[in-house]
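Me: I am new to this structure. Can you show me how to read its features, one at a time?

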Amino acid sequence: MRYRLTFIAGLALGYVLGTRAGRERYEQLKKSARQFAENPAVRNAAESAASSGRDFAGKAYHSVSEKVGDRVPASVAERVRSLRERSGLNGAEDDWGTTNT
């Protein structure tokens with residue numbers, strides 16, 4: 001998939017740079033990309049994905065740190081702590097990674 005996206009990106013770049021009206025087409029593409037990025041639905045989806053990622057990282061750290069103990073490097077602990085602060089979790093307990101019987 002990564003190679004396919006790289007190939008498509010290369011084709012798009014070649015098209016933009018290779019055409020006579022490349023600059024005009026580039027401005028059109030840039031405007032379309034900006035409109036896409038400013039779309040409220042797209043922004044909400046991106047923010048939701050980022051928030052979910054931060055939540056899962058914090059939950060995974062909590063779950064792993066219980067099993068590993070103090071062997072988690074300080075740099076990892078600091079990164080997760082900053083992710084928790086951003087997500088608003090602030091050390092709150094959750095049930096991620098636990099089994100309900």
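Reply: Start with a term. Patches are made of residues with over 30% relative accessible area and no salt bridge, and nonpolar side chains are joined within 5 Å. Keep in mind that this model is predicted.

Me: Which residues form a nonpolar patch on the surface?

Reply: Phe7, Ile8 and Leu11 do. Together they have about 320 Å² of accessible area. Leu11 sits in helix 1, which covers residues 2-18.

Me: What is the general idea about spacing in a helix?

Reply: An α-helix has 3.6 residues a turn, so residues three or four places apart point the same way.

Me: What elements does the protein chain have?

Reply: Four helices and zero strands. From the N terminus the order is α-α-α-α.

Me: How far apart should the ends of helix 3 be?

Reply: Count 1.5 Å a residue.

Me: Which residue caps the N-terminal end of helix 3?

Reply: Asparagine 39. One of its side-chain oxygens is 3.1 Å from the backbone nitrogen of alanine 41.

Me: Which residues of helix 3 are buried?

Reply: Buried means under 20% relative accessible area. In helix 3, Gly58, Tyr61, His62, Ser63 and Ser65 are buried.

Me: And how much of the protein chain counts as buried?

Reply: 11% of its 101 residues. The chain exposes about 8400 Å², with 55% of that from carbon and sulfur atoms.

Me: What share of the contacts with a separation of 6 or more links residues 24 or more positions apart?

Reply: In the protein chain, 43% of them.

Conventions: Residues are numbered from 1 along each chain as its sequence is written. This is a predicted model: local features need pLDDT of at least 70, side-chain atom pairs count only at pLDDT 80 or more; totals for chains, interfaces and linings use all residues. Side-chain values use heavy atoms; hydrogens and water are left out. Patches are made of residues with over 30% relative accessible area and no salt bridge: like charges are joined within 9 Å, nonpolar side chains (Val, Leu, Ile, Met, Phe, Trp, Tyr) within 5 Å. Accessible areas come from the Shrake-Rupley method with a 1.4 Å probe; for residues, only the protein chains shown count as cover. A salt bridge is a side-chain nitrogen of Lys or Arg within 4 Å of a carboxyl oxygen of Asp or Glu. Helices (H or I, at least four residues) and strands (E, at least two) are DSSP runs, numbered from the N terminus. The expected span of a helix is 1.5 Å times one less than its number of residues. Buried means under 20% relative accessible area, exposed over 50%, partly exposed in between (1.4 Å probe, protein chains only). A polar contact is a pair of N or O atoms within 3.5 Å; within protein, one must be able to donate a hydrogen and the other to accept it, and residues adjacent in sequence count only if both atoms are side-chain atoms. Contact means heavy atoms within 4.5 Å.
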